[in-house]
Amino acid sequence: MSDKLLTLEEVCKILDKSPATIKRYARENLLSSHQNGDELAFPEGEVMRYLDFSKRLG
């Protein structure tokens, strides 16, 4: 998996969720995130893992 960091906007598009939902996922540790100044950044591998997991749940 890649070590690339994705922006909040990129994660919203990939997971088809609102920024508020993605921020909640980060706050609740459902998605790993890093604070980059006042921006959140998400490891691409973690986002893809979450996407795969959510697809399996249906």
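Buried here means under 20% relative accessible area, exposed means over 50%, and partly exposed lies in between, with a 1.4 Å probe and protein chains only. The model is predicted: local features need pLDDT of at least 70, side-chain atom pairs count only at pLDDT 80 or more, and totals for chains, interfaces and linings use all residues. Residues are numbered from 1 along each chain as its sequence is written, and side-chain values use heavy atoms, with hydrogens and water left out.

**Stop 1: helix α2**

Select residues 19–27, which form helix α2. Helices (H or I, at least four residues) and strands (E, at least two) are DSSP runs, numbered from the N terminus. Show the side chains of Thr-21, Ile-22, Tyr-25 and Ala-26, which are buried. They cover an arc of only 140 degrees around the axis, so they sit on the same side of α2. That arc is taken from the directions from the helix axis to the C-beta atoms. Now turn to the face of α2 pointing away from its buried side, where the exposed residues Ala-20 and Arg-27 are found.

**Stop 2: the loops on either side of α2**

Most residues other than glycine have a negative phi. Two residues here have a positive one. Select Asp-16, in the loop between α1 (8–15) and α2. Its phi is about 55 degrees, positive although Asp-16 is not a glycine. Asp-16 is exposed, with a relative accessible area of 68%.

Next select Asn-29, in the loop between α2 and β2. Phi of Asn-29 is also positive, near 60 degrees, and this residue is not glycine either. Asn-29 counts as exposed at 66% relative accessibility.

**Stop 3: salt bridges**

Side chains of opposite charge can pair when their charged atoms come close. A salt bridge is counted when a side-chain nitrogen of Lys or Arg is within 4 Å of a carboxyl oxygen of Asp or Glu. The count by this rule is 3 salt bridges.

Start with Arg-24 and Glu-28, whose side chains meet in a salt bridge at 3.5 Å, N to O. Arg-24 is partly exposed at 33% relative accessibility, and Glu-28 is partly exposed at 45%.

Then select helix α3, residues 44–57. Glu-46 and Arg-49 form a salt bridge at 2.9 Å, N to O. These two are 3 residues apart in α3, so about one helical turn separates them. Glu-46 is partly exposed at 23% relative accessible area, as is Arg-49 at 41%.

Further along, pick Asp-52 and Arg-56, both in α3, 4 residues apart and about one turn of the helix from each other. The closest N and O atoms of their salt bridge are 2.5 Å apart. Arg-56 counts as exposed at 66% relative accessibility, whereas Asp-52 is partly exposed at 35%.

**Stop 4: a negative patch**

Which residues gather in a patch of negative charge on the surface? Select Glu-9, Glu-10, Asp-38 and Glu-39 to see it. Patches are made of residues with over 30% relative accessible area and no salt bridge; like charges are joined within 9 Å, and nonpolar side chains (Val, Leu, Ile, Met, Phe, Trp, Tyr) within 5 Å. Asp and Glu count as negative, Lys and Arg as positive; His and the chain ends are not counted. A charge is placed at NZ of Lys, CZ of Arg, CG of Asp or CD of Glu.

Finish on Asp-38, in the loop between β2 (34–36) and β3 (39–43). Asp-38 is exposed, with a relative accessible area of 70%.

Definitions and conventions:
Areas by Shrake-Rupley, 256 points an atom, 1.4 Å probe, with all protein chains shown as cover.
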